[in-house]
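Have the viewer open and try each task before reading on.

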Amino acid sequence: MAATAAVVVGVLGLLGVLLQAFEKGLGTEGNVPTFILITLNGLTLAGLYFISASGLTLIFGLLRVTNLAHGALFLLGGYVALELVQDAGMSWWLAAVLAMGASGLVGLVVHQLFLRWNQGQDLRQALITIAVSLILADQMLAHFGATPTAIAPPEWLAQPLSLGVYDLSYPRFRLAMLVAALVVGLLFWLVYTRTRVGMVVRAGVDDTQMTSALGVNVQRVFAAAFFVGSALAGLGGVFAGTALSLAPGQDQSFLVSALVVVIVGGMGSLGGAALGALLLGLVDQYAGAYLPAEYSNLSALLTFVLLAVILAVRPTGLFGKAR
Amino acid sequence: MTMDRMLTLGTRGALAVVLVVVALVPVLCTTFFTSQVGLTSLWLGIVAVSLTFLSGYGGMVSLAQTALFGVAGLIAARLSVESGWDPWAAALAGILAATAVGLLFGAVASGSQGIYFLIITLAFAQVTYFYFAAVPTFGAHEGINGVRPPAVLGDPVQDPARMYWFLLVVSVLAFLGLRHVSRTAFGLALQGVRDDPVRMAALGYNVRLHRILGFTLAAPVAGAAGVLSAWSNTRMSAGSISLAIAILVLTTAVIGGLNRLEGAWVGALIYTLCDTYLRGWTDRFTTWLGVVFLVIVLVSPGGVVGLLGSAGSWLRHRLAGGAPPPAAPSTPAPPVPVSSGGAR
Amino acid sequence: MTGAATGPVLRVRGLTRRFGGVVAVGDVALDIAPGERRAVLGPNGAGKSTLFNLVAGADTPTAGSIELFGADVTRLGARQRTRMGLSRTFQTSRLLTGLTVEDNLYLAAIGVSGGRLRLLRTGRDRTAREQARRTAESVGMTDRLATLAGDLSHGEQRQLEIGLALVAEPRMLLLDEPAAGLSRSERQLLTALLLSLDRDVTLLLIEHDMDVALTVAERVTMMHDGVVIVEGTPTEIRADQRVHDLYLGKAHV
Ligand SMILES: Nc1ncnc2c1ncn2[C@@H]1O[C@H](COP(=O)(O)OP(=O)(O)OP(=O)(O)O)[C@@H](O)[C@H]1O
Ligand SMILES: [Mg+2]
């Protein structure tokens, strides 16, 4: 019932967008060029969301930990890369790798120190990660200040790329972000389908079966997953810092987006995260551009209505397993 | 036995003394302290207790309490400032609206549990925040200024004594009311739902209905806190209900202790004291708040009240000369809902 | 109640439950007469608990129908079936661990008698409290009334689990391995308790302990791999070669 209503509203929304995009025909004078740019914005934003959300969903899928410090690790990665590129004059690529390492390391330490011995107490772990994120965010504010700053993109991605239609060009870096998301998605897909760890994630194995499924080194696998998941948050931060900018408060807004993405699809589901990222990126951009002017400042609200509706209909997300 | 009785009387006496001291704050302390620390920790305690009730007795850790707080506060503020309503009538309308919204939120969220519940209520918090931040009727980001509390309560800034006592009375009523609920058939069943929803369904209970009603019951409490906050600060805006504030209320409740209702005010007082006096000492106030939060969650799931409780029973044990610790109290402290448990 | 006296209390047809590829219960038919004591036996993974979950409404069948006291309840939830007079225990105890033994039993009493949403104390409360204490006595827990259910020993938890099913004075009782983990003397107490049940109560019992099962039961249903393979009296079951094979883990049927 509610599901049908949600689908109907979604389809109507999309029709509304398409109607406005094509109402003046396909000519250069029409709305199509803008539509293409907005769609690209939505898609590349989806890529960014997917990169950071994939780390969150990995950690959840394997450890059943909802890491609410994910946003702080995201921002940390961005700031580390900023410092390395701007002050140490390091190349963007090396800085990105080191930033991933830094976020991964901090995540690993948090896991080892605070979360490891609370396995299975999901709300307590969530509270712990909230506390960690408060501390991290305040420390970053102390060290990096409150002025929004952006990371300079690598040289050859700095110039816009000509799209070849309607004389349009588009920032190369944002397209690279989409490619990176596809690469991350592909790697995940390989891990999920080809390895035992992936099997565990997909099956939603519970604690008692975990050891037999993963062998004796469960704790090492968990630690690695936490490192990789946190490093992906850091990578997201580097991309966000380059394509957009870094500022205090972004930890929360990106944590919330990553949660929306992961929850919409169902925690632990990779395909769900991809779908969630697409939905969030496109809804965000289309709503900002195509909602009637008097409602356009409500576009931020729409995302959360979407989340609430999906959770109301399916309490564990679109592809989430009932627990 | 007589020793036990004496100790119980002793505890009651101590509580009475605490209450008297708290009631004397406006007489004994400065206007600044009464208004800055007193008023703030009381209304913060009331919104936090609505969360403590939900999580302690219902297993529902909600981030939407500030949203309900905002619905009541902003509607009451708007009706009294812009539409010229009597402040009491405006307050009533705001609290009723918050209750209705609570019913809606509860109905939508009641199917989710544990971490999913936390996140769906986070979505509610965000929806409410963005709504109030966007809609000009409620002053958008500016909010509504110049809220005037009822004349009998006096001026909250110049002469906060009466406002303080009013907030104290509301706090005591909220505490007694929620404690009463926790002991009724409804409240016990709510705790049953917290412990094991599958079992409760097998016993003939409508688990979702219980969750919805529990959530709805906590809504007017959060709403009252919103109105009182608007009165105390003479203003309210969307910024008063941002995600950071929602997390702050959660932090407060956790520091005080999610196991016992009084924890909400203890946490609120600790937070307000630190907020008022520590900020002068350190620039990194939030870091220290986070550290305290972290330590509490790690070492004392019962919060500060839990720590005091264990210290108290240790002392009793000592005083009673090594007699066995007193039997379980009539209302047991529910365990912290650290796991979504139940339907595994 | 009177109408059901003639027909079976529980009537199950074509009942099937699949979990992905696993057929936990496959096309099971079952008739339980009023007042009957029936045991369901079978090796681990036979589908016994799944069958109970389906009958109690904790799980929904992939196919098939369930009639309880003469009414089709296939589409009803656990809550409605409980209010019709069905009670069950769980294989692993599901207790309200943060509440006292007395409150556990009290909640079980008002779960069917009504007043679940009451915010004031009334006379009916006293009746339910008395009912709770009486049940505590019959399962031997009077001295534990004020203890938190989470603090009970394993044996006591199993006792309370049965208590929760008995308070509501059900017409039909489903017990899932009530003797699991009990000591020899506790088992004897349990057997005595089951034998002392009112004859109006229909009993369906899963039990690995043959002593308990075959003493209490009048008829036995043997399950394996989700299907019923034999049904008969305890004597017939004791003599059945297939049952011996299964329980000694020899070959498949
Ligand atoms: N929720 C579930 N999800 C997936 N498979 C399940 C689920 N519940 C039961 N099964 C499977 O169904 C089959 C029957 O399980 P069931 O618990 O009913 O057996 P049982 O006869 O009660 O065994 P036991 O004597 O061990 O209690 C098993 O293969 C089990 O793995
Ligand atoms: Mg079983």
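**Exercise 1.** How many residues does the contact take from chain C and from chain B?

*Solution.* Keep in mind that this is a predicted model.
- Step 1: count both sides; chain C gives 32 residues and chain B gives 30 residues.
- Step 2: turn to area. About 2600 Å² is buried between chain C and chain B, with 62% of it on carbon and sulfur atoms.
- Step 3: find the main contributors. On the chain C side, Arg94(C), Leu117(C) and Leu119(C) lose the most area to chain B, and together they make up 24% of what that side buries.

**Exercise 2.** Which chains share the most contacts? Work through that interface.

*Solution.* 
- Step 1: of the two pairs of chains in contact, it is chains A and B. Chain A and chain C do not touch, their nearest C-alpha atoms being 12 Å apart.
- Step 2: chain A and chain B each give 41 residues and bury about 3800 Å² between them, 75% of it on carbon and sulfur atoms.
- Step 3: the count of salt bridges between them is one, formed by Asp138(A) and Arg284(B) with closest N and O atoms 2.9 Å apart.
- Step 4: five residue pairs are in polar contact across this interface, both at pLDDT 80 or more. H5(A) supplies the largest share of the side of chain A that touches chain B, 15 residues.
- Step 5: by class, this side of chain A has 29 nonpolar, eight polar and four charged residues.

**Exercise 3.** Which residues are the protein donors of the magnesium ion (ligand 2)?

*Solution.* 
- Step 1: the donors are Ser49(C), through OG, and Gln91(C), through OE1, at 1.9 to 2.0 Å from the ion.
- Step 2: Ser49(C) sits in helix H1 (residues 48-56) of chain C and Gln91(C) in the loop between strand S6 (86-88) and H3, so the pair ties together parts 42 residues apart in sequence.
- Step 3: Ser49(C) is partly exposed at 22% relative accessible area, and Gln91(C) is partly exposed at 36%.

How values were computed:
Residues numbered from 1 in each chain as written. Chains lettered and ligands numbered in written order. Predicted model: local features only at pLDDT ≥ 70, side-chain atom pairs only at ≥ 80, totals over all residues. Heavy atoms only, no water. Contact = heavy atoms within 4.5 Å. Buried area = accessible area lost by both parts, 1.4 Å probe. Donors = N, O, S within 2.8 Å, 3.2 Å for Na, K, Ca; no water. Helix = DSSP H or I, 4+ residues; strand = E, 2+ residues; numbered from the N terminus. Buried < 20%, exposed > 50% of the residue type's maximum accessible area, 1.4 Å probe, protein only. Salt bridge = Lys/Arg side-chain N within 4 Å of Asp/Glu carboxyl O. Polar contact = N/O pair within 3.5 Å; in protein donor to acceptor, adjacent residues only side chain to side chain. Nonpolar A, V, L, I, M, F, W, Y, C, P; charged D, E, K, R; others polar.
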